[in-house]
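Subject: Structure handover

Hello,

Here is the structure I said I would pass on. My notes on it follow below.

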Amino acid sequence: MGFVVSVGMEVHAELLTKTKMFCGCPNAFGGEVNTRVCPVCLGLPGSLPVINRAAVRHVLATALALNCSIARRSLFHRKNYFYPDLPKGYQISQYEETNPIGYHGHLELPTGKRIGIKRVHLEEDTGKLLHLPDGRSGIDYNRAGVPLMEIVTDFPPDIHSSEEAKQYLQYLRLTLIYLGVCDGKMEQGSLRCEPNISIAEEGSKSLGVKTELKNLGSFKAVALGIQHEAERMEAAVAKGETLRQETRGWDEKAERSYPMRVKEFESDYRYFPDPDLPPMKFEDAFIEEVRNSLPELPTARHRRYTSSFGLSDYDAELLIAEPAWAEFFDACVNKGGEPKAVCNWMNGDFAKMLNESGTVVSESRITPDHLADLVALVSSGQISGKMAKEVFETSFATGQMPRDIAQKQGLSQLSDKEAIRKIVIAVLNENADSAQKYRSGKTGVLGFLVGKVIQQSSGRANPQLVNELLIEELKR
Ligand code: ZN
Ligand code: MN
């Protein structure tokens, strides 16, 4: 019996703002516990929340980037539940079908596959429980009230494998980073993903009971967790067990899920509009202003690199992995660098040098001018590919322009035909036996002779010219 896996994705992204969602406390990661708190984010009686405009703008930009409809009037609701990390006893969130800032959108992957988005809404983060080795527990409220965006995929799900889930998450994360709304650091918890997984018999019209997975701290964990969960469910069904709707945790070390709690249903939360917060109204002019400010997004960039420049999917993916890296590439190409050559230098030597020196592109002495210059020196035949590697290394270390380095070190490639011919004739005289072999049909010795000529020229002779002139002289 075959099964179809369906995966819904719920992603929480902490927004990059100066202050928290409803108060003036700084929004930052880490720091001394309970130092970024005030009566509002501690939920003290009598305190009143004020909406953070920058956070609203971030969610609107994301919703537009994800092709969502925008609510003209959007409310905040109270989601009630009791847990120590929630000082007010409720989380301010957004409820209902078309009330969230964005709804009914999609994210398009470079493959052309569209993943439907049900909603993009704004809420606040909770505090963090800390469990001490001596058995006591503490709470850090620095994170309580940090602006949090929730992005939920459509139902029924468009995602049917762990690989697709991973790709969706990768492109969603990149989109948020390009928009500048979230830093995407899964290891710090600023991007958190909770997939829900269900299996159904092939051909079945209804979806199976779903489980939600928590504690997935990396892309690897997301892909592995989904795959294992689907396999666990299939095995349970095969044994005749009945699956139940529940929340399970992922144990990264043991690579298996464990039961956490039976899933709450929405009615348990007693949602109602927050009487302390006014409705948000979105005017066309504001929506259009934000829409016009959107940058070129990763999927569009990937498509431009592959279709206009003929780069491979693999190369395009490496280039768009970071906005600064993609911008460096575009700047080089705009300065006349041949795209394929620029790409090869970047994803090859440049990436390796940055990696080895532990620096990022924005800290490097290499600017787009340097790389465009290097590419031009090679393509015009002024220096060989081998020389270019040395020049690039010097340029990386010193910040000198490749052109200047080549000139100073006398590295310029020898392309003077008559000068090369002199060396060719000398080499043929010294290696008469090899020349004889070639003339008797053993053309394989040509490589040896080319090497000799280049050696005699101290590595400067243009290999293509050496090749041509050798054959010319051998045939004479
Ligand atoms: Zn506060
Ligand atoms: Mn949420």
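The centres of domain 1 and domain 3, taken over C-alpha atoms, are 68 Å apart in this predicted model. The domain assignment places domain 1 at residues 3–289, domain 2 at 296–408 and domain 3 at 417–474.

The zinc ion (ligand 1) is held by the SG atoms of Cys23, Cys25, Cys38 and Cys41, at 2.3 to 2.4 Å. Why is the arrangement of these four donor atoms called tetrahedral? The angles they subtend around the zinc ion run from 99 to 115 degrees, and four donors count as tetrahedral if all angles lie between 85 and 135 degrees. Along the sequence, the zinc donor residues follow the spacing C-x1-C-x12-C-x2-C. Cys25 and Cys38 both lie in the loop between β1 and α1 (53–65), so this pair ties together parts that are 13 residues apart in sequence. Cys25 and Cys38 are both buried.

The manganese ion (ligand 2) has His12 (NE2), Glu123 (OE) and Glu150 (OE) as its protein donors, at 2.0 to 2.2 Å. Their spacing in sequence is H-x110-E-x26-E. His12 belongs to strand β1 (residues 3–14) and Glu123 to strand β7 (residues 114–124), so the pair ties together parts that are 111 residues apart in sequence. Both His12 and Glu123 are buried.

Next, a sheet. Three strands make up an open sheet, in the order β5-β4-β15, with antiparallel pairing. Its edge strands are β5 (90–93) and β15 (272–273), each of which pairs on one side only. Strand β4 (residues 77–80) is joined to β15 by two bridges, and the two strands run antiparallel. In this pairing, His77 stands opposite Pro273 of β15.

The last item is helix α13, which spans residues 432–439. Which residues of α13 are buried? They are Ser434, Ala435 and Tyr438. These residues cover an arc of only 100 degrees around the axis, which puts them on the same side of α13. Among the elements that cover the buried residues of α13 are α12 (417–430), α14 (446–456) and α15 (463–475). Just after α13 comes Gly441, with a positive phi of about 110 degrees.

Regards

Definitions and conventions. Residues are numbered from 1 along each chain as its sequence is written. Chains are lettered from A and ligands numbered from 1 in the order in which they are written. This is a predicted model: local features need pLDDT of at least 70, side-chain atom pairs count only at pLDDT 80 or more; totals for chains, interfaces and linings use all residues. Side-chain values use heavy atoms; hydrogens and water are left out. Donors are N, O and S atoms within 2.8 Å of the metal (3.2 Å for Na, K and Ca); water is not among the atoms, so sites may look incomplete. Helices (H or I, at least four residues) and strands (E, at least two) are DSSP runs, numbered from the N terminus. Buried means under 20% relative accessible area, exposed over 50%, partly exposed in between (1.4 Å probe, protein chains only). Four donors count as tetrahedral if all angles lie between 85 and 135 degrees; four count as square planar and six as octahedral if opposite donors are over 155 degrees apart and all others between 65 and 115; anything else is irregular. Domain bounds come from an automatic or database domain assignment. Two strands pair if DSSP finds at least two bridges between them. The arc is that of the directions from the helix axis to the C-beta atoms. Contact means heavy atoms within 4.5 Å.
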